[in-house]
Amino acid sequence: MEQGEHGKRNDIKTRILVEVISGNNTSTGLKNVFCSKAPTDLTMFIAKSPYAMSHEELPDAEHLDDVRREIRDGINQSVISKKDVEYHLRSLQDMGLITKSEGRYYPNRRSARAMKTILLLLQSRNEYEEGITPFMEMWARLSDVSITDAVKFPLEVSKSFSSDFIGFMAQSSTLKDFVNAWGRWDDKLKIELGKRFRDYFTN
């Protein structure tokens, strides 16, 4: 297998994992997301998309066709087969990252090793890598980690943060809220998670 194919497979695994974490955790629901081509009329889709959330108004008619075409091409290029969805679900189970119960898939929050791997996969997506940064900064302030400590003992500092962050993410709904906060631009949820992290770390 070529290196590019490895990267594509990891990207698909991560996308499926994000869906499972978000609560779209049935085989049927996942296939609806990953095996469906873009709808003919994308106006409603665009209105609910991240594009609309980051712009005050939709583009004019001339540019709306370009936006539709770009979104349609992006969706259609990411379509995979039902067999691929099943393959990646089995693979995620074999890796110990998800479990299955009564026809539904769940992230394996009980294993620190699994949680570490899940967070590493999430970090391969920019939004989640950026999402971890404020927790790092808060952790450094709360634990009184100095720049000197970070420079002299980078591995120890990194391991200490990872241990605390994994413990926090393993809490009941925290991982799901983290994915929704940074995947859907939910600023209120970001603020709430910050408060919860502070409480978790200081109690």
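What follows is a close look at one helix, then at others in the chain.

Which residues of H8 are buried, and which exposed residues does the face turned away from them carry?

A: Keep in mind that this is a predicted model. Start with the whole chain. The protein chain has twelve helices and two strands. From the N terminus on, the order is α-α-α-α-α-α-β-β-α-α-α-α-α-α. Of the 203 residues in the protein chain, 33% are buried. Now look at contacts between residues at least 6 apart in sequence: 66% of them join residues at least 24 apart.

Now to H8. This helix covers residues 126-142. Check its length. At 1.5 Å a residue, its 17 residues should span 24 Å. The end C-alpha atoms are 25 Å apart, which agrees. Next, its buried residues. They are Tyr128, Gly131, Ile132, Phe135, Met138 and Trp139. Look down the axis of H8: these buried residues fall within an arc of 115°, so they line one face of the helix. The face turned away from that buried side carries the exposed residues Asn126, Glu130 and Arg141. Just after H8 comes Asp144, which takes a positive phi of about 55°.

Buried in H6 are Val85, His88, Leu89, Ser91 and Leu92. Down the axis of H6, the buried residues fall within an arc of 160°, so they line one face of this helix. Lys82, Lys83 and Asp94 are exposed on the face turned away from the buried side. H6 is followed by Gly96, whose phi is positive, near 80°.

Lys31 sits in helix H2, residues 27-34. A residue counts as buried under 20% relative accessible area. Lys31 has 16%, so Lys31 is buried. Leaving out residues up to four places away in sequence, Lys31 touches Ser36, Lys82, Val85 and Glu86. Of these, Val85 is among the buried residues of H6, while Lys82 is one of the exposed residues on the face turned away.

Val20 shows a contact across the sequence. Val20 lies in helix H1, residues 3-22. Its relative accessible area is 2%, so Val20 is buried. Val20 and Tyr105 are 85 residues apart along the chain, yet their C-alpha atoms are separated by 6.4 Å. Not counting residues up to four places away in sequence, Val20 touches Asn25, Leu30, Ile98, Tyr105, Tyr106 and Pro107.

Finally, look at a pair of helices. Two packed helices are described by the angle and the distance between their axes. The axes of H11 (residues 174-183) and H12 (residues 187-202) come within 9 Å and cross at roughly 145°. The crossing is left-handed. From H11, the contact uses Thr174, Asp177, Phe178, Asn180, Ala181 and Trp182. From H12, Leu189, Lys190, Leu193 and Arg196 take part. The residues of this contact divide into five nonpolar, two polar and three charged.

Technical notes. Residues numbered from 1 in each chain as written. Predicted model: local features only at pLDDT ≥ 70, side-chain atom pairs only at ≥ 80, totals over all residues. Heavy atoms only, no water. Helix = DSSP H or I, 4+ residues; strand = E, 2+ residues; numbered from the N terminus. Buried < 20%, exposed > 50% of the residue type's maximum accessible area, 1.4 Å probe, protein only. Contact = heavy atoms within 4.5 Å. Expected span 1.5 Å × (residues − 1). Arc of directions from axis to C-beta. Axes fitted to C-alpha atoms, helices over the stretch in contact; angles between N-to-C directions. Left-handed = near helix turned anticlockwise from the far one by under 90°. Nonpolar A, V, L, I, M, F, W, Y, C, P; charged D, E, K, R; others polar.
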